[in-house]
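We will go stop by stop.

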Amino acid sequence: METTDLFQEITPLNYTIKGERAMSKKEAYEKKLEAQLKEWKTDIDKLKAKADKADAKAKLEYYKQIEELRTKQEAAQKKLTELKAAGGDAWEDLKAGIDLAWGSLGEAVKSARSRFK
């Protein structure tokens, strides 16, 4: 058994260091999702700025894509809110759906970025 495995086995989730509670797996997952959602929001805002400068024909297509991204972004935010409200081990049950929503939004943002170049 590696030292890190042993440490994880004997360290409870609420282990404190200098009076602060260590972050649980759920909290770490939430923070990761929040950071990614914030990054994608910034990306979508940048795409909107590019769309605003495009010619009329391209602008319509860009706005349509941005609206789709915003819809996926709202769905992902809703999933994050559900996760935060989930107690105990229930958050693990939500994880698969959240991962799917995040994957969908991530691919959509990536795809839009390549089309907006």
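Which helix does Ile44 lie in? Select Ile44 and you land in helix α2. Before moving on, note what you are looking at. This is a predicted model, in which local features need pLDDT of at least 70 and side-chain atom pairs count only at pLDDT 80 or more, while totals for chains, interfaces and linings use all residues. Residues are numbered from 1 along each chain as its sequence is written, and side-chain values use heavy atoms, with hydrogens and water left out.

**Stop 1: the whole chain**

Zoom out and show the cartoon. The protein has four helices and two strands. Here helices (H or I, at least four residues) and strands (E, at least two) are DSSP runs, numbered from the N terminus. Starting at the N terminus, the order of elements is α-β-β-α-α-α.

How much of the protein is buried? Of its 117 residues, 27% are buried. Buried means under 20% relative accessible area, exposed means over 50%, and partly exposed is in between (1.4 Å probe, protein chains only).

Now think about contacts, which means heavy atoms within 4.5 Å. Take the contacts in the protein with a separation of 6 or more: 67% of them come from residues 24 or more positions apart.

**Stop 2: back to Ile44**

Select Ile44 again and show its side chain. Ile44 counts as buried because its relative accessibility is 0%. Leave out residues up to four places away in sequence, and Ile44 touches Ile66, Leu69, Arg70, Gln73 and Val109. Then pick the C-alpha atoms of Ile44 and Arg113. They are 8.7 Å apart in space, yet these residues are 69 apart in sequence.

**Stop 3**

Two packed helices are described by the angle between their axes and the distance between the axes. Axes are lines fitted to C-alpha atoms, for helices over the stretch in contact, and angles run from 0 to 180 degrees between N-to-C directions.

Select residues 25-53 for α2 and residues 56-85 for α3. Their axes come within 10 Å and cross at roughly 165°. So α2 is roughly antiparallel to α3. The cut-offs are simple: under 35 degrees is roughly parallel, over 145 roughly antiparallel, 65 to 115 roughly perpendicular, and the rest oblique.

The crossing of α2 and α3 is left-handed. That term applies if the near helix is turned anticlockwise from the far one by less than a right angle; clockwise is right-handed. The residues of this contact are 13 nonpolar, two polar and ten charged. Ala, Val, Leu, Ile, Met, Phe, Trp, Tyr, Cys and Pro count as nonpolar, Asp, Glu, Lys and Arg as charged, and the others, Gly among them, as polar.

**Stop 3: Arg70**

Select Arg70, in helix α3. Is Arg70 buried or partly exposed? Arg70 is partly exposed, because its relative accessibility is 22%. Beyond residues up to four places away in sequence, Arg70 touches Lys41, Ile44 and Asp45. From Arg70 to Val109 is 9.9 Å, C-alpha to C-alpha, and 39 residues in sequence.

**Stop 4: α2 against α4**

By class, the contact of α2 with α4 has twelve nonpolar, two polar and six charged residues.

**Stop 5: α3 against α4**

The axes of α3 and α4 come within 9 Å and cross at roughly 160°. So α3 is roughly antiparallel to α4. Their crossing is left-handed. The contact includes Tyr62, Leu69 and Ala76 in α3, and Leu94, Ala101 and Leu105 in α4. It divides into 14 nonpolar, four polar and four charged residues.

Click on Ala101, in helix α4. At 19% relative accessibility, Ala101 counts as buried.

**Last stop: Gln65**

Select Gln65 in α3. Gln65 is buried, with a relative accessible area of 7%. Show its side chain together with that of Arg115: the two make a polar contact (3.2 Å). A polar contact is a pair of N or O atoms within 3.5 Å; within protein, one must be able to donate a hydrogen and the other to accept it, and residues adjacent in sequence count only if both atoms are side-chain atoms. Setting aside residues up to four places away in sequence, Gln65 touches Ala112, Arg115 and Phe116.
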